[in-house]
Amino acid sequence: MANFLNSISIEQIEIGMTASYSQTITDADIKAFAGISGDRNPVHSDEKYAEESRYKKRIAHGMMTASYFSALFGTKIPGEGCVYVAQSLKFKRPVYIDDTVTATVEVIKVDLSKKRVFFKTTCKVNNKIVTDGEAEIFIP
């Protein structure tokens, strides 16, 4: 097995371990995510359209906030070499330009025999949950 410089072995992972990442959403982030994902829904990109929506202004893509979980898994817990197996998501509140999103992952179960780690995943803005769910990660 490879010994990755920025990773934690499954034997070192304990229930309750957490890692967090924060990012402030910008217009450029939304435009880049639309380009990468192909999601050009005008509620994300058109100010006039968004003003007529229930949100009253442009919102970030929900999947953008969820992508921060991937950043945490690949760089913090467990780190390099892990593979995403599953993710459930609930989008509870909109995220707007200039909101600072804090994504947190928390270990809730470790299955040594199957080399799987399970996480509670949460994104918050101003201490209010905007996205939550659970993830399963495989450690080869």
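Me: Which element gives the most to the lining of the largest pocket?

Reply: This is a predicted model. Rolling a probe the size of a water molecule over the atoms shows where empty space is left. Here α4 gives the most to the lining of the largest pocket, with 3 residues. The elements that give two or more residues to that lining are α4 and β5.

Me: How many residues line the largest pocket, and which lie nearest its centre?

Reply: The lining has 16 residues, and I59, G62, F91, R93 and P94 lie nearest the centre. By class, 8 are nonpolar, 5 polar and 3 charged. The space in this pocket is about 230 Å³.

Me: Which residues have the most contacts inside the largest nonpolar core?

Reply: In soluble globular proteins, nonpolar side chains tend to be buried together. In this model the largest nonpolar core has 27 residues, and I25 and F119 have the most contacts inside it. Two or more residues come from each of α1 (27–37), α4, β3 (100–111), β4 (116–125) and β5 (128–138). The largest share, 6 residues, is from α4. Leaving out residues up to four places away in sequence, F119 touches several others, including F73, I77, V105, V107, A135 and I137.

Me: Is S53 buried or exposed?

Reply: S53 has a relative accessible area of 12%, so S53 falls under the 20% cut-off and counts as buried. S53 is placed in the loop between α3 (47–52) and α4 (62–75).

Me: What lies 2.6 Å from a polar atom of the side chain of S53?

Reply: The backbone oxygen of A50 lies at that distance.

How values were computed: Residues are numbered from 1 along each chain as its sequence is written. This is a predicted model: local features need pLDDT of at least 70, side-chain atom pairs count only at pLDDT 80 or more; totals for chains, interfaces and linings use all residues. Side-chain values use heavy atoms; hydrogens and water are left out. Helices (H or I, at least four residues) and strands (E, at least two) are DSSP runs, numbered from the N terminus. Buried means under 20% relative accessible area, exposed over 50%, partly exposed in between (1.4 Å probe, protein chains only). A polar contact is a pair of N or O atoms within 3.5 Å; within protein, one must be able to donate a hydrogen and the other to accept it, and residues adjacent in sequence count only if both atoms are side-chain atoms. A nonpolar core is a set of buried Ala, Val, Leu, Ile, Met, Phe, Trp, Tyr and Cys residues joined through side-chain atoms within 4.5 Å. Contact means heavy atoms within 4.5 Å. On a 1 Å grid over the protein atoms alone, a cavity is a set of points where a 1.4 Å probe fits but cannot get out, and a pocket is an open set with protein on both sides within 12 Å along at least five of seven lines; lining residues have an atom within 4 Å of a point. Grid points are joined across faces, edges and corners, and a volume is the space filled by probe spheres set on the points. Ala, Val, Leu, Ile, Met, Phe, Trp, Tyr, Cys and Pro count as nonpolar, Asp, Glu, Lys and Arg as charged, and the others, Gly among them, as polar.
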